[in-house]
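Subject: The structure we talked about

Hi,

Here is the structure for you to look through. Open it beside this message, and then read on for what turned up in it.

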Amino acid sequence: MDLPPVLRSEKGAIETIRKGVRKRNRSQIFLQILGIGAISFAFLMLAILLLSLTSTGYKAFVQTYLTLDVYVDPAEVSEEQLPRGGFDDVIEAALLQYFPEAGEDRATRRALGGLPSNGAQFILRDKVAADPSRIGETIRISVPVSDPYDQLNKGLIDRETPEQRRRVDNREVAWFDALKEEGLIRTKLNWGLITRPDSRFPELAGLKGALIGSFWALLVCFVISFPLGIGAAIYLEEFAPKNRVSDLIEVNINNLAAVPSVVFGLLALAVFLGWFGMPRSAPLVGGMTLSLMTMPTIIIATRAALKAVPPSIREAALGVGASKHQVVFGHVLPLAFPGILTGTIIGLAQALGETAPLLLIGMNAFITSAPATPLDASTALPTQIFIWADSPERGFVSRTSAAILVLLSFLIVMNGLAIFLRNKFERKW
Amino acid sequence: MVTDSSSTQPIRETARPVHQERTKISTHEVDVFYGAAQAIRKVSIDLYEKAVTAFIGPSGCGKSTFLRCLNRMNDTIDVARVEGTILLDGQDIYDPKVDPVQLRARVGMVFQKPNPFPKSIYDNIAYGPRIHGLATRKSDFDDIVEWSLRKAAIWDEVKDRLDQPGTGLSGGQQQRLCIARALAVQPEVLLMDEPCSALDPIATAKVEELIAEMKMEYTIVIVTHNMQQAGRVADRTAFFYLGDLIEYETTAKLFMNPREEQTEAYISGRFG
Ligand SMILES: Nc1ncnc2c1ncn2[C@@H]1O[C@H](COP(=O)(O)OP(=O)(O)OP(=O)(O)O)[C@@H](O)[C@H]1O
Ligand SMILES: [Mg+2]
């Protein structure tokens, strides 16, 4: 047969191909530039986010402390009355040692008493209650200063601002500077941010309740969605007959994964709280709600992982006489496990950051103690951020950023773990 | 058509003496459909015990499909449907009373592409006996593993690294490992779907030697695209074309003196 006319040319096909190659290379370079551009843009945005968060949040990772020698006056505190007693007066008296002139009128004395955090009296109280023999002795305590002084120390309150518009007046600045002169003011790492529960006072507010609440909620979410999700996926992928019904289920699961989380919150509110009368604000209910969202993610990830197991492995096992369930549990599931684990961790990381459904079931309540059980009212990390972001006190601004950084670091750790596990367990076949 | 399990093949003139043989597998008018498409049409064939039967034919003619009927591997394909009767020792293997799991223990299979489990060499072999409860003591498993690997002529190559992954072996070694794995459950029939297609001539020769030796005890069915191979190892050869069984004869007769024109065209390499 003759060469078709279209292929007949003087220079031959190679010339045409050469021209085409140049064009193809150009479009490849263009695509590369586009891709690099997109990635750079994403990284830039991430960098801006992290930078702005750290620049406001880092100040919440340190805390200004005041060291005081307090004389636990038996006239104010008696062993019989513990844990009640005039601890605030005791602290005030300790401060008055340094500023005797402030004792002259009530208002000034009150103002001076407001220098240490409102929680200082409780710190002292707990110390004395733990060892009542110290009544009558002088104890050295280190307590956070209240928020305005903390901000003054961190430079967040500008001394140059006219006095009327400043949150600490000149007299208060003078007290603070005098104490600093004495070496009584120290800036320490703020462990309270994670060891203390929420508080009305920014200098005392911490994430303990939110961390434990999130932990319980995630645990419940994992315990529900992991076995159910994997079970459902195995059934659908390996055992269910492929027909209209299973197609319908598949479509619905995919839809479920795309349902906005607030809808799950409303559902939980109506069903868990409304019908079943479960407790409000409880991490148990939070976890159950989150599992509604995590389960479709796990199902989809598991099915993808099961599908990715090469059919030759299944055939090999069937060929030596393994039953269907031996094939699935002995060969397919172990091979799919890294993928399942990755999907689960990513699903849980999503759940950790989920806010809307938790708001709807009341996990944004103001609670000053960490939950002891999953049934106690509590907040979670994202709802705590929501609460703090909503608080008018200036001190909560940096706490909010710090809390976001804590949440982000948990997310990074979880996603890192997912990648690590995938690389570790991924097997070749 | 012969469906009686004790019936015998009439003795024909062949290069190889064929004595009185027992029918191991007998199929009667087997049809296989993938959805609406028919892949196998009315195939009736008797496969004999302690003999090697080769299936040949152009690509896509249904050799694998038919082979997979013999241990009900087609059950795992949703769209596949098998009709007709297939008797193993006189018993219908598609009878609802027959458990496909048990059947596959009796009728082992070696696949075209070596597919060892991503487990140790030892566990690859021990897996079958373990799930069937053929042994319980470690020493018994050790014996089974050694026996199977020796049978498959790979023992000397792997005896020092039984704990290493089977996937780390060369292609030819993997294929012999898969044969050993199939032998470990003591099958009566061994189905091999192009077992040498991924192997070099040396590994191929080893597998062929193996087949010749295994023939003493097992019924072997092998699919191959290699005429020389069929000529070397098979007692009988079946030629498939477009889903039909065209001709089934002793190998020598089929190659020397084919009855059908299509067979002649295929084996002489002028096909079209
Ligand atoms: N899972 C399947 N679903 C649908 N059709 C299939 C399937 N497997 C095989 N077929 C079809 O059945 C016919 C026979 O296929 P089969 O694999 O048995 O051929 P074969 O003779 O083994 O070919 P080869 O020599 O290339 O392996 C082909 O037309 C093929 O397209
Ligand atoms: Mg084939």
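Let me start with a term: a cavity is a set of grid points where a 1.4 Å probe fits but cannot get out. Rolling a probe the size of a water molecule over the atoms shows where empty space is left. Please keep in mind that this is a predicted model.

With that term in hand, the search of the whole structure gives 4 cavities of 30 Å³ or more, and the largest cavity has a volume of about 80 Å³. Its lining is made of 13 residues, and those closest to its centre are D147(A), D150(A), K154(A), G395(A) and S398(A). Helix 5 and helix 16 (395-425) of chain A each contribute at least two residues to that lining. Sorted by class, the lining of the largest cavity holds 6 charged, 4 polar and 3 nonpolar residues.

Next comes the largest pocket, with a volume of about 680 Å³. It is lined by 24 residues, and E238(A), K324(A), T76(B), I77(B) and D78(B) are the closest to its centre. Several helices supply at least two residues each to this lining: helix 8 (208-239), helix 11 (283-308), helix 12 and helix 13 of chain A, and helix 2 (100-106) of chain B. Which of them gives the largest share of the lining? That is helix 12 of chain A, with 4 residues. By class, the lining of the largest pocket has 11 charged and 11 nonpolar residues, along with 2 polar ones.

Now to the place where the two chains meet. The size of an interface is often given as the accessible area lost when the parts come together. Here chain A and chain B bury about 1,600 Å² between them, and 62% of that is on carbon and sulfur atoms. On the chain A side 19 residues are in contact, and they touch 23 residues of chain B.

How many residue pairs are in polar contact between chain A and chain B? There are 4, counting pairs with both residues at pLDDT 80 or more. On chain A, helix 12 (311-319) and helix 13 (324-353) each bring at least two residues to the side that touches chain B. Helix 12 gives the most to that side, 7 residues. The chain A side divides into 8 nonpolar, 7 polar and 4 charged residues.

Last, the charged pairs. Side chains of opposite charge can pair when their charged atoms come close. Over all chains, 37 salt bridges are found. Between chain A and chain B the count is 1, and there R68(B) pairs with E315(A) at 2.7 Å, N to O. Another salt bridge joins R159(A) and D177(A), with the closest N and O atoms 2.9 Å apart.

Happy looking!

Methods:
Residues are numbered from 1 along each chain as its sequence is written. Chains are lettered from A and ligands numbered from 1 in the order in which they are written. This is a predicted model: local features need pLDDT of at least 70, side-chain atom pairs count only at pLDDT 80 or more; totals for chains, interfaces and linings use all residues. Side-chain values use heavy atoms; hydrogens and water are left out. Contact means heavy atoms within 4.5 Å. Buried area is the accessible area (1.4 Å probe) that two parts lose on being put together, summed over both. A salt bridge is a side-chain nitrogen of Lys or Arg within 4 Å of a carboxyl oxygen of Asp or Glu. A polar contact is a pair of N or O atoms within 3.5 Å; within protein, one must be able to donate a hydrogen and the other to accept it, and residues adjacent in sequence count only if both atoms are side-chain atoms. Ala, Val, Leu, Ile, Met, Phe, Trp, Tyr, Cys and Pro count as nonpolar, Asp, Glu, Lys and Arg as charged, and the others, Gly among them, as polar. On a 1 Å grid over the protein atoms alone, a cavity is a set of points where a 1.4 Å probe fits but cannot get out, and a pocket is an open set with protein on both sides within 12 Å along at least five of seven lines; lining residues have an atom within 4 Å of a point. Grid points are joined across faces, edges and corners, and a volume is the space filled by probe spheres set on the points.
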